[in-house]
Amino acid sequence: MAALVRLETRLSRLREEYFLKNRSVDEDRKIVYKAAVKIQSWFRGCRVRAYLRYLNKMAISIQKWWRGYQSRRYFRKMIKTAYFIMKMNFYNEMAVRIQKRWRGYYVRKYTHNYYALKKYLEAISLNNEIVRNELQEYAEMNEKKKKKKDLEKKEKEKKYKARKMHYLLSTEQIAGIYNSPFRKFPDPMELLLRQSKPLSHRQQQPKSPFTYDLYDWPTCKRPPAFPTGEPLPPIGRQKPQGPFRDAAEVLRQRYKPLEPTLRVAASISSPLEKAREEMKREEWRKCIHDNEFLPFSSYHKNEKYELSIHASEKIGKETYGIKHFREVQPNKWIAGKV
Amino acid sequence: MAVRADLSPARLKISFLQTYLCSETERSARRGHSVGTPREDTPRGHPAAAVRCGGTRRLLSAGAVIGAAAPRYRRARAVGGRQLRGDRRGTPPAVPPPRAPALRSPTNTFTVHRAGEKSRVPAPSGRFSRGIKGEGVISLLRPLLLDVVPTIQQTAALALGRLAYFNDDLAEAVVKEDILPQLVCSLSEQNRFYKKAAAFVLRAVGKHSPQLAQAIVECGALEALVICLEDFDPGVKEGAAWALGYIARHNSELSQAVVDAGAVPLLVLCIQEPEIALKRIAASTLSDISKHSPELAQTVVDAGAIAYLAQMILNPDAKLKCQVLSALSQIAKHSVDLAELVVEAEIFPVVLTCMKDSDEYVKKNGATLIREIAKHSPELSQFIVNAGGVAAVIDCIGSCKGTVRLPGIMMLGYVAAHSENLSMAVIVSKGIPPLCTCLLEEHEDHIKAAAAWALGQIGRHTPEHARAVAETNVLGTLLSMYMDIRSSEDLQLKAKRALKNILQKCTYLPALEPLLHDAPPNIMKHIVGQFSKVLPHDSKARRLFVTSGGLKKVQEIKAEPGSLLQEYINTINNCYPEEVVRYYSPGYSEMLLERVENYQPVL
């Protein structure tokens with residue numbers, strides 16, 4: 001029973017002890033719980049870390065392998081291109097050598113051909129010589145022509161002078177001025193005078209002095225004749241008495257220019273007739289003989305040969321045409337002047 | 001000698017004119033001494049004067065002749081002032097003796113007109129025509145143009161033309177007085193003498209200035225002139241063509257107006273006419289038209305002018321050849337195509353015969369034509385060289401003097417400028433000696449400048465060319481021209497450029513040596529540069545350089561360190577051993593003497 005009492009006394013405290021025990025357990029529970037959580041989380045973390053590490057390693061290994069593969073590929077490519085470049089350089093070098101030779105040859109032969117240039121320059125000098133000679137000849141020819149013309153002009157002038165001064169010719173009695181008796185031989189002028197025919201006494205037409213104004217024009221070779229036929233009546237003439245018209249009117253009418261109508265201005269015959277006439281005129285002009293043209297030589301077989309006048313004359317040779325002509329008979333002239 | 005009071009209006013007009021003109025001659029014949037006789041004070045309204053002189057026609061011709069006096073005076077003045085003194089050949093009483101009063105002698109008009117026709121009349125045209133203008137002779141002449149009698153009209157027109165020809169104030173007066181429309185109207189109606197006189201007036205007015213020519217164009221004269229070009233009489237055609245030529249000469253608008261009036265085909269027809277003078281004038285007109293612009297030249301070419309012009313080169317008349325060559329050169333100068341067209345007309349080698357003509361201007365114009373063709377392209381120059389043109393031009397240059405040479409010189413320059421082969425062709429044709437003589441002999445600066453330029457063009461291509469130029473010792477002349485203060489700017493510039501061009505390629509040392517002594521620094525640079533290029537490779541040249549004193553001169557040159565000149569000098573100095581360089585450096589003798597002085601002899 002003592003135990004019971006003790007138990008009973010403890011009983012009152014049991015509820016509190018029970019409560020406190022539970023409560024302390026509850027109070028610890030949080031801490032314990034937290035501790036448990038920590039431990040578990042750490043452990044889980046370890047596991048996960050181990051797993052990640054493992055994954056990492058695997059990934060690295062894959063990447064390693066992949067990268068190696070890529071680089072090897074790249075390296076192979078690089079080698080190929082380097083090789084290619086080397087080859088190309090070599091080819092370029094060789095091509096440059098060939099082109100160098102070829103260009104040198106081509107330029108020397110075709111573009112800047114030294115020998116052709118030399119020949120060309122020689123040809124040019126030759127050509128220049130020829131041209132110079134020809135031009136020289138041309139110039140000389142011109143000079144000669146000019147001199148000849150001058151000489152001829154002088155001759156003509158001399159002859160004209162001689163003709164004008166024919167009266168200076170010496171006669172039997174009176175020696176002319178060019179034929180002085182003290183000279184051994186007569187002056188050439190004397191000889192010229194002997195040969196020249198006297199200039200005839202020509203009426204000099206009174207040249208109208210007013211035509212000189214227009215002589216300055218370059219094409220004016222003769223004085224232009226103004227359409228006035230007669231000189232104008234002198235100023236100051238007394239107005240004539242009688243039923244005469246005013247002088248100005250008369251002049252105006254007199255000098256009215258001709259204005260022919262078309263009919264007058266055109267010729268009478270039409271072009272057709274003119275052409276016909278032209279043809280007829282041609283025929284008359286061109287016709288040499290009236291003999292008909294006979295086509296074959298057999299037509300001419302029986303023709304008798306007609307002697308010419310020269311041969312058919314009985315008396316002798318015809319002197320006309322040989323000894324003399326009708327126009328000129330110098331032996332019949334009085335004086336031997338040309 | 002009684003006064004006839006009843007004079008018809010025409011006679012009156014004529015008499016006024018006559019008295020006026022006679023008194024005017026008298027006045028002028030006394031050389032402007034204002035001696036006023038009572039007669040002279042009242043020139044007008046003096047019918048009595050008319051009496052003393054007979055013949056209307058003579059009076060009018062007196063009027064025309066007074067106008068003629070002016071040109072003869074001018075000509076005489078050009079000949080050289082003898083005409084004012086007593087030295088007149090065959091002058092009859094040209095100057096009425098001062099003591100005789102003006103109008104009393106019946107032979108007065110005779111003397112006046114004789115004066116006009118025969119002599120170099122001492123009529124001072126300037127004072128004279130001013131005197132005339134002052135009194136308004138144009139307005140006096142104007143009504144005479146409308147006169148009934150055709151002779152009077154023609155002579156009045158002639159007088160107007162002569163007056164307007166020599167004095168531009170009078171030409172302006174002619175325009176102002178509205179004479180031109182009248183002339184133009186009557187151009188189409190009247191006979192050929194009037195047409196000639198009217199064309200002469202138009203030419204006289206149109207020659208002075210573009211404004212007057214414009215005035216002529218505005219009054220519609222061009223159509224009338226073009227109609228005159230179709231006339232039968234060659235004199236009329238000549239007058240019309242001449243007038244058109246003077247109008248077209250001034251500027252391209254006027255030329256265009258002439259072309260628009262349809263003149264060009266008619267001018268080409270005129271060229272084919274047999275009269276030489278007409279051909280001449282037509283060729284000169286075509287030349288004036290085509291000189292302004294390529295389009296105008298093309299118009300002339302389209303009318304087929306080139307073939308006829310090319311044929312006429314063979315004509316023996318010198319003036320015609322001048323004009324024809326000038327026309328062809330004006331056509332060819334504008335563009336390559338036109339030049340090729342001219343060449344295709346087969347003018348070579350005929351043109352080369354013109355270079356040997358006795359007339360100088362034919363030579364000049366021929367050289368101008370060849371120059372205008374050669375300057376466009378290397379192919380044309382090549383063609384000319386192949387035809388022997390260069391030789392002909394070179395001979396021409398050698399035989400002429402003065403400005404006649406200039407186109408030939410320029411032609412050589414143009415040919416040589418195109419390429420080195422052509423330049424070598426010029427050298428081979430012996431082109432350089434005439435150019436050198438030209439440079440030395442000529443007095444005009446522009447010709448010398450052209451010669452210098454041509455030499456530069458020849459020598460600038462390769463060392464061989466430069467050597468050919470330098471061998472003639474012309475470099476010294478060029479240098480002296482450059483340095484001469486009296487030479488013009490243009491000459492100095494061209495000489496300098498030529499010198500530089502030649503020096504940059506010249507390796508002919510004997511020619512370079514003399515230049516070392518006188519050259520200014522900018523030229524010296526090139527000379528020394530050339531030495532520095534040649535000396536390192538040629539030992540003989542080095543020796544010659546030393547013995548001729550060149551090394552000494554080079555040492556004396558002061559150059560800024562670092563400049564190109566200094567580099568060249570260093571290069572040269574490096575060609576020689578040290579002692580030699582030191583020996584020739586300036587002040588070496590003094591240095592040696594100093595050393596002698598400072599030397600302590602070892603006893």
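Here is a short walk through some surface patches and ring pairs of this structure. The model is predicted, so to speak of local features takes a pLDDT of at least 70, side-chain atom pairs count only at pLDDT 80 or more, and totals for chains, interfaces and linings use all residues. Residues are numbered from 1 along each chain as its sequence is written, chains are lettered from A and ligands numbered from 1 in the order written, and side-chain values use heavy atoms, without hydrogens and water.

Let's start with helix H1 of chain A, residues 2–111, where you'll find A:Leu55. Helices here are DSSP runs (H or I, at least four residues), numbered from the N terminus. With 36% relative accessibility, A:Leu55 counts as partly exposed; that label sits between buried (under 20% relative accessible area) and exposed (over 50%), using a 1.4 Å probe and protein chains only. A:Leu55 belongs to a nonpolar surface patch with A:Val48, A:Tyr51, A:Leu52, A:Tyr54 and A:Met58. Patch members have over 30% relative accessible area and no salt bridge, with nonpolar side chains joined within 5 Å and like charges within 9 Å. A salt bridge puts a side-chain nitrogen of Lys or Arg within 4 Å of a carboxyl oxygen of Asp or Glu.

Helix H1 also holds A:Arg72, which is partly exposed at 45%. A:Arg72 forms a positive patch with A:Arg73, A:Arg76, A:Lys77 and A:Lys80.

Now for the rings: the whole structure has 17 aromatic pairs. Ring centres must lie within 6.5 Å; planes under 30 degrees apart are stacked, over 60 edge-to-face, the rest tilted. A:Tyr114 and A:Tyr115 are edge-to-face because their planes meet at 75 degrees, with centres 5.2 Å apart. A:Phe296 and A:Tyr299 are stacked, at 6.2 Å and 15 degrees.

How values were computed:
Accessible areas come from the Shrake-Rupley method with a 1.4 Å probe; for residues, only the protein chains shown count as cover. Helices (H or I, at least four residues) and strands (E, at least two) are DSSP runs, numbered from the N terminus. Lys and Arg count as positive and Asp and Glu as negative; His and the chain ends are not counted. The place of a charge is taken as NZ of Lys, CZ of Arg, CG of Asp or CD of Glu. Rings of Phe, Tyr and Trp (its six-membered ring) pair if their centres lie within 6.5 Å; planes under 30 degrees apart count as stacked, over 60 as edge-to-face and the rest as tilted.
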